[in-house]
Amino acid sequence: MSTALTLIEKLAREELVDMVPYQSARRLFSHGNSASGDTEQTKHKIWLNANEAPGQGEYKISSENINRYPDFQPDNLLNAYSTYCGLERSQILATRGADEGIELIIRSFCRAYRDSILICPPTYGMYAISAENHGAGIVTVPLQSSSQGMQLNLDDLTSQVGKVKVVFLCSPGNPTGNLLSKEDIITAIELFKDSAIVVVDEAYIEFSPEQTSTDLLAKYDNIIVLRTLSKAFALAGLRCGFTLASKDIITLLSKVIAPYPISAPVAEIASKALSTDLEKMGQRVVNCNNLKITLSKWLDEQSWCSEIFASDANFILFRCINPQEKKRIFDSLVEKNILIRDQSKQVQLENCLRISIGSELEITQLKEVLS
Ligand SMILES: Cc1ncc(COP(=O)(O)O)c(C=O)c1O
């Protein structure tokens with residue numbers, strides 16, 4: 001055993017040996033071992049740590065063509081997303097979640113051990129993990145607090161022009177929750193127009209759809225927008241996301257992506273969610289936004305809560321008055337099988353916890369435990 005390990009360590013890329021993988025919500029607390037994930041353990045847990053949507057959809061799949069490889073980009077899915085987002089099919093690439101889009105972008109634009117990406121922490125962890133995996137450098141320009149929540153530091157971004165190939169912006173931000181100013185996004189795109197691609201990650205845009213940056217695709221060559229069905233569409237387990245960009249960028253990414261990225265059952269379910277089930281998604285967003293307001297007001301009344309971050313997404317980030325209170329809140333919820341996410345290791349987020357907006361019942365149970 002130890003000889004095998006030494007051999008693997010010897011053969012592996014050196015930087016991967018000690019690398020810590022992304023600590024996803026599901027790696028920190030798993031669903032259990034059953035293939036369906038539907039174990040006793042799962043049933044009794046309240047999952048408010050991965051910004052998923054509550055409730056299950058009802059989908060049937062056909063096994064008619066399951067002996068055949070699926071189309072590279074299934075027609076029904078691409079047509080449905082094209083109608084949904086108002087872009088041409090040639091501007092859309094369906095991927096295994098937005099996470100695959102992040103990876104493809106880095107692999108397509110950054111040369112390993114030569115080029116860098118830029119991130120604005122606190123932000124979504126997979127940009128850095130994908131860059132590390134690929135051997136791309138990581139430049140950080142932290143967000144800064146403002147009356148509009150956490151926003152871009154445009155002066156510091158300006159000083160990085162020419163030094164990075166891809167800039168990742170997250171709007172609404174995870175874990176911060178607020179939208180970035182559209183004006184600032186445009187400024188960033190213009191700053192990097194001759195030297196880098198600006199990616200606007202819109203995983204949570206359905207919770208504030210009027211703020212999308214997709215209209216900028218018509219004007220700028222260096223923008224990519226990322227989308228997912230994992231949040232408002234309640235399909236995190238399906239693994240389906242979309243990269244929206246110019247035809248040239250989609251052609252480039254199509255050279256790097258796996259030959260059959262979207263399985264037939266995924267295409268079938270996702271197409272239904274994007275057509276006949278669109279209204280349900282809209283209702284889910286309304287419910288979530290209402291629940292978010294109520295929870296936010298409740299948090300504001302709690303003596304252990306010192307700050308609530310304004311949220312345009314399906315979660316709320318809040319700060320506890322000290323590390324002891326943060327630990328007490330987190331642990332007392334875990335003890336009752338309610339899982340939220342500790343964000344206190346991120347820059348500027350000392351003592352911060354994040355609650356995903358689950359069902360009304362789940363949020364009531366959370367409040368009961370904390371009261
Ligand atoms: C900002 C952001 N981008 C991308 C993703 C990944 O989404 P997907 O499930 O489509 O891979 C997440 C998931 O939490 C996220 O928060």
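Both faces of strand β15 are covered, with Cys 352, Arg 354 and Ser 356 buried on one side and Leu 353 and Ile 355 buried on the other. A residue counts as buried if 20 or more other C-beta atoms, placed from the backbone, lie within 10 Å of its own. Strands are DSSP runs (E, at least two residues), helices are H or I runs of at least four, and both are numbered from the N terminus. The structure is a predicted model, in which local features need pLDDT of at least 70 and side-chain atom pairs count only at pLDDT 80 or more, while totals for chains, interfaces and linings use all residues. Residues are numbered from 1 along each chain as its sequence is written.

Strand β15 (residues 352-356) runs antiparallel to β12 (residues 315-320), to which five bridges join it; strands pair if DSSP finds at least two bridges between them. Phe 315 has Ser 356 as its bridge partner in β15. Strand β14 (residues 341-342) is also antiparallel to β15, through two bridges, and Arg 341 is the bridge partner of Arg 354.

Phe 168 is in strand β7 (residues 166-170) and is buried, with 27 other C-beta atoms within 10 Å.

Notes: Buried ≥ 20, exposed ≤ 12 C-beta atoms within 10 Å, placed from the backbone.
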